[in-house]
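Subject: Handing over the structure

Dear colleague,

I am passing on the structure below, and I would be grateful if you could look through it before reading my notes.

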Amino acid sequence: MNYLLRKLGFYAVACWAALTLNFVIPRLLPGDPVDILLAKLSQRGAVVTPETRAAYATLLGGDTNTPLLSQYWTYLGNIVRGDLGTSISYFPAPVTDVISASMPWTVVLIGLATVIASFLGVLLGAFVGWRPGTWLDSMVPATTLLAAVPYFWLSLVLVYVLSRVLGWFPSQGGYDVVLDPGWNLQFIGSAVYYGFLPALTIVVASVGGWLLGMRNMMVSTLSEDYVLTARAKGLPGRWILRDYAARNAVLPSVAGFAISLAFVVSGSVVTEQVFSYPGIGSRLLAAVTNNDYALMQGVFLFITLAVLGANLVVDLLYTVIDPRTRAR
Amino acid sequence: MLVPTMTPWLAVGLALVAGICLFGLVGPLLVGDPDGIRDVGLAPPDGGLWLGTTQTGQDVFAQLAHATRGSLQIGFLVGALATVLSAFFGIYGAYLGGAADELFSLLTNVFLVIPGLPLVIVISGFVPRESRGLWTIAVVLALTSWAASARVLRAQTLSVRNREYVAASRLSGERAWRVIVVEILPNLLPVLASQFVFAVIAAVLGEAGLSFLGLGASGSSTLGTMLFYAQNGFALPLGAWWWFAPPGLLIALLGTGLSLINFSIDEIVNPKLKTVRMHRRRARAAARTARKEAR
């Protein structure tokens, strides 16, 4: 119980830190969003009057005349009410609508790709680590090449080979544009077909990390006394691998799952850009290039809170599968 | 004992990293102007131009040399900054213990769970392009990447902190910085080295991603900006593989080289991994005897 409270407390603090970071960043950095927008406007030949300025300031919610602390309170209050402001690039859609429209794409893509990559990596890692020193083991450094490949470059190469040269997969978008989004077989099939290449990129780029982590833990576990005991008892190798070594070696990978999710989200922002995938990463970048600050902050907040939530779930699960963490 | 044993993989790693560093240091002096425009756009590689030209007829090989230098610069700069940050929060906090340790590790854990690249993108989005210099990007990348290694360093420091000679040094009234630098730090050198190598890989990759999105330091030339121009110049639909393939491959090779070096450092940090090499030798010997007996 104490452990649970500590965990919840930590995530409350992390959540508050993320919210505050989101509030502080635009106010701390040199560029003023209103100025940048007005500069853009006057570049196009518009006459900027004090009224335009005031209108923009209100639109962006950054009324600089009120004291910082009350701005902060308004900001927190708006978030609690689920009001993240209005998007400029999708005007007049509220930021929350834009996010909820693009969220399922990213959640399904990244979620599935991460689960597949971790499952594959852990499985392979268990077998490679089980027999250290064989030819399989000497392939491990080769997987580091895959781990060191930038996500976005890998997607460029895959698009070039599988899409341009071989023509097997579409290179852009999340579904066939002639179809209307909906829960019918044709549309889902098209979404799977379009999502295959981005998902493949994420799996190929991240499977090496899982493999290596699991392999190293297996090697460490194999020198534990209980594995030696199991061997001495003459248990079949398969049992020792599954019930003694792999079961204990997989624990850090489970704990690492949540943290790796943050990296996968980061990597996928760039991958989504390459594929023009209609997910949340493309929205973030579109918001940056269009100076859509409300959308930018909203997406950042959403990604952060999603990663925090996933971490919390994995942390709680971890206490169930490894009772030692509770004992502390 | 602190020097890694020479293995084939370490040799390959050192050769890769040394080769790429040499290319980044010497290459720009030997190649022509990377921005010079020719009237042969998108020429495939041939004898004269090793890696062909970009859409506007710029020499890809010359660009690659300059970009490698840029990427290495920012990689090592950010790697150093992030290592200093993680050493401060990881080692100093664990040394002090008590409330300071709690606070430092809370901060570390918070930074660990906040996704780095989206944060960097948002920060870069708010900084106007003119004031987005090399140092801005370096500081932002370092700020978002120190946490994981701080956690590792903290765990290591906690195990060193309570050894007798450290306690003796503390009790004899040595100042904190002296105890840390003279008594604790030498024990952590392999971990620090390993974390530095990781930080450099992360920095090169992070900067490449940021520049690829067009959010890197203004006026900089790195492997990421090369990929940005390749993507925006339609290198992919036009089939100009010689334009987008080499920069990414170079990043991957640099990362691989550094990781291979890291494997060898890991064997010092985690001696259990060293038994792998023993296993391998034993397996080979067993195979040899088996073959002999078969004959």
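Read from its N terminus, chain A runs α-α-α-α-α-α-α-α-α-α-α-α-α-α, and its secondary structure comes to 14 helices and zero strands. Please keep in mind throughout that this is a predicted model, and that the values I quote were computed from it.

Of the 328 residues in chain A, 47% are buried. The accessible surface of this chain is about 16500 Å², and carbon and sulfur atoms contribute 68% of that surface. If one takes the contacts in chain A whose separation is 6 or more, 72% of them are between residues 24 or more positions apart.

In an unreviewed entry, UniProt places the feature "transmembrane region" at residues 9–29, 105–130, 142–162, 191–212, 249–270 and 299–321 of chain A. Residues 142–162 of chain A are 90% helix and 0% strand, with 22 Å between the end C-alpha atoms. Residues 191–212 of chain A, for their part, are 100% helix and 0% strand, and here the end C-alpha atoms lie 32 Å apart.

Turning to chain B, the elements run α-α-α-α-α-α-α-α-α-α-α from the N terminus on, which comes to 11 helices and zero strands. The C-alpha trace of chain B spans about 75 × 70 × 30 Å along its principal axes. Buried residues account for 49% of the 295 residues in this chain, while its accessible surface is about 13600 Å², with 66% belonging to carbon and sulfur atoms. Among contacts in chain B between residues at least 6 apart in sequence, those that join residues at least 24 apart make up 73%.

Because its relative accessibility is 70%, and the cut-off for exposed is over 50%, Leu30(B) counts as exposed. Leu30(B) also belongs to a nonpolar patch on the surface, formed with Leu22(B), Leu25(B), Val26(B) and Leu29(B), and together these residues have about 560 Å² of accessible area.

Next comes Thr83(B), which has its place in helix H2 (residues 60–96) of chain B. Thr83(B) has a relative accessibility of 12%, so it counts as buried, the cut-off being under 20%. A polar atom of the Thr83(B) side chain lies 2.6 Å from the backbone oxygen of Gly79(B). If neighbours within four places in sequence are left aside, the residues in contact with Thr83(B) are Leu192(B), Phe196(B) and Ala199(B).

Lastly, Pro190(B) is found in helix H8 of chain B, a helix that takes in residues 176–212. Its relative accessibility is 9%, and Pro190(B) therefore counts as buried. Between the C-alpha atoms of Pro190(B) and Val84(B) there is a separation of 15 Å, although these two residues are 106 residues apart along the chain.

Conventions: Residues are numbered from 1 along each chain as its sequence is written. Chains are lettered from A and ligands numbered from 1 in the order in which they are written. This is a predicted model: local features need pLDDT of at least 70, side-chain atom pairs count only at pLDDT 80 or more; totals for chains, interfaces and linings use all residues. Side-chain values use heavy atoms; hydrogens and water are left out. UniProt positions are given in the numbering used here, feature names are shortened, and annotations may be inferred rather than shown by experiment. Helices (H or I, at least four residues) and strands (E, at least two) are DSSP runs, numbered from the N terminus. Patches are made of residues with over 30% relative accessible area and no salt bridge: like charges are joined within 9 Å, nonpolar side chains (Val, Leu, Ile, Met, Phe, Trp, Tyr) within 5 Å. Accessible areas come from the Shrake-Rupley method with a 1.4 Å probe; for residues, only the protein chains shown count as cover. A salt bridge is a side-chain nitrogen of Lys or Arg within 4 Å of a carboxyl oxygen of Asp or Glu. Buried means under 20% relative accessible area, exposed over 50%, partly exposed in between (1.4 Å probe, protein chains only). A polar contact is a pair of N or O atoms within 3.5 Å; within protein, one must be able to donate a hydrogen and the other to accept it, and residues adjacent in sequence count only if both atoms are side-chain atoms. Contact means heavy atoms within 4.5 Å.
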